[in-house]
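Here is a short briefing to keep beside you as you turn the model around on screen.

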Amino acid sequence: MTNSPARIAIASGKGGTGKTTLATNLAAYIAEQEEVVLVDLDVEEPNSGLFFKGDLIHEESNFKMIPQWDEPKCTFCGLCQKVCNFHAVLQLGPTILVFPELCHSCYACSELCPTDALPMISKRTGKLSDFRINNLHFVESRLDVGEEQAVPTISKTKQYSNENYAHLRIEIYDCPPGTSCPVIEATKNADFVILITEPTPFGLHDLTLAIETMRTLKKPMGVVVNRYGIGNDAVIDYCQKENITILAKIPNSRRIAELYSSGKLIYQEIPEVKELLSNILDYCLKASKGDIE
Ligand code: SF4
Ligand code: SF4
């Protein structure tokens with residue numbers, strides 16, 4: 001038994017299903033009672049911060065290591081291009097080109113270069129910020145324009161949160177959308193994953209992919225159906241068939257949409273949503289401790 005926080009990751013098979021709405025409302029709801037940290041891991045497009053106005057308490061640059069060509073030392077043996085699995089080094093006549101945005105910082109070219117002509121140097125990839133809003137700690141990383149590799153930044157952002165907020169009881173991750181490497185990195189150390197979806201054919205399609213991914217990772221999970229009332233019941237039927245708990249159905253409501261679009265927290269205005277958050281949290285905490293199958 002460790003003392004680390006219960007890590008609740010909020011993910012979805014696609015963007016625009018209400019992931020950030022749920023993450024921000026759940027975190028703010030918890031912060032009414034105790035300190036909590038919300039970590040925005042959607043580093044290509046972090047937007048949880050739109051809902052909070054807090055004090056910036058820490059800021060730092062994110063970096064990655066890339067090789068830098070030292071021309072006078074190069075014998076043009078071509079080995080670096082051969083060993084790079086990511087096509088990030090290219091020998092073009094008497095020139096070695098490095099493409100930093102493709103580099104995965106594996107060090108292979110640098111270590112195997114026979115003349116030490118590719119020393120690794122650090123390159124800034126973005127910025128991490130840590131805000132405080134009363135009981136709520138909010139951490140986000142933002143990739144610089146043109147930077148494409150979300151995974152190392154997600155890993156670094158989680159590490160920052162783990163190092164600074166290990167004493168808290170609950171940590172919420174607002175994950176990137178989709179089912180590829182960034183969401184796997186974001187959820188891999190979560191104790192429980194909430195998948196949020198909409199009751200539509202598209203919602204069901206993306207949910208099935210997200211569920212498959214989480215099953216591969218062996219993550220306990222539950223589903224929140226957002227905008228319940230539109231579409232059909234196929235998502236509900238699917239979850240029942242697959243034995244996946246529906247944690248909540250958030251009704252389709254004009255009032256909720258208005259609150260969201262004006263950057264307001266929904267549960268503070270709609271008691272029914274507060275009740276749903278309470279139930280979701282209760283379930284997640286029990287499941288995180290293994291008290292629910
Ligand atoms: S491995 Fe080193 S020496 Fe060979 S081409 Fe690349 S940089 Fe030049
Ligand atoms: S460090 Fe690895 S990924 Fe980057 S250029 Fe060298 S071999 Fe390619």
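This is a predicted model: local features need pLDDT of at least 70, side-chain atom pairs count only at pLDDT 80 or more; totals for chains, interfaces and linings use all residues.

**The chain as a whole**

- Nine helices and eleven strands make up the secondary structure of the chain.
- Along the principal axes, the C-alpha atoms fill a box of roughly 70 × 40 × 40 Å.
- The chain has 293 residues, and 41% of them are buried.
- Of the contacts between residues at least 6 apart in sequence, 74% join residues at least 24 apart.

**Two helix pairs to look at**

- Helix H6 (residues 201-216) packs with helix H7 (residues 234-241) at an angle of about 25 degrees, and their axes are 9 Å apart.
- Because angles under 35 degrees count as roughly parallel, H6 is described as roughly parallel to H7.
- On the H6 side you will find Gly203, Leu204, Leu207 and Thr208, which meet Ala234, Val235 and Tyr238 in H7.
- The residues of this contact of H6 with H7 divide into five nonpolar, two polar and no charged.
- For helix H1 (residues 19-31) and helix H9 (residues 271-288), the axes come within 10 Å and cross at roughly 85 degrees.
- Angles of 65 to 115 degrees count as roughly perpendicular, and H1 and H9 are therefore roughly perpendicular to each other.
- H1 brings Asn25, Leu26, Tyr29 and Ile30 to the contact, while H9 brings Lys274, Leu277, Ile280 and Leu281.
- By class, the contact of H1 with H9 has six nonpolar, one polar and one charged residues.

**Surroundings of the two ligands**

- Ligand 1 is surrounded by 14 residues, and the closest are Cys74, Cys77, Cys80, Cys113 and Ala117.
- The shell around ligand 1 divides into ten nonpolar, four polar and no charged residues.
- Ligand 2 is also surrounded by 14 residues, the closest being Cys84, Ala88, Cys103, Cys106 and Cys109.
- In the shell around ligand 2 there are eleven nonpolar, three polar and no charged residues.
- Helix H3 supplies the largest share of the shell around ligand 2, with three residues.

- Ser110 sits in helix H3, which spans residues 108-112.
- Why does Ser110 count as buried? Ser110 has 21 other C-beta atoms within 10 Å, and a residue is buried if it has 20 or more.
- Neighbours within four places in sequence aside, Ser110 is in contact with Pro67, Leu118, Pro119 and Met120.
- Ser110 and Ile244 are 134 residues apart along the chain, and 47 Å separate their C-alpha atoms.
- Ser48 belongs to the loop between strand E2 (36-40) and strand E3 (55-67).
- Ser48 is buried, because 23 other C-beta atoms lie within 10 Å.
- Beyond its neighbours within four places in sequence, Ser48 is in contact with Thr20, Ala23, Thr24, Leu38, Asp40, Phe138, Glu140 and Asp174.
- From Ser48 to Ala108 there are 60 residues in sequence and 37 Å in space, C-alpha to C-alpha.

**Two asparagines with positive phi**

- Asn134 has a positive phi of about 50 degrees although it is not a glycine.
- You can find Asn134 in the loop between strand E6 (120-133) and strand E7 (136-143).
- Is Asn134 buried or exposed? With 11 C-beta neighbours inside 10 Å, Asn134 counts as exposed, since the cut-off for exposed is 12 or fewer.
- Asn243 likewise has a positive phi, near 60 degrees, in a residue other than glycine.
- The loop between H7 and strand E11 (246-251) holds Asn243.

How values were computed. Residues are numbered from 1 along each chain as its sequence is written. Chains are lettered from A and ligands numbered from 1 in the order in which they are written. Helices (H or I, at least four residues) and strands (E, at least two) are DSSP runs, numbered from the N terminus. Two residues are in contact if their C-beta atoms, placed from the backbone, lie within 7 Å. A residue is near a molecule or strand if its C-beta atom, placed from the backbone, lies within 6 Å of it. Ala, Val, Leu, Ile, Met, Phe, Trp, Tyr, Cys and Pro count as nonpolar, Asp, Glu, Lys and Arg as charged, and the others, Gly among them, as polar. Axes are lines fitted to C-alpha atoms, for helices over the stretch in contact, and angles run from 0 to 180 degrees between N-to-C directions. Angles under 35 degrees count as roughly parallel, over 145 as roughly antiparallel, 65 to 115 as roughly perpendicular and the rest as oblique.
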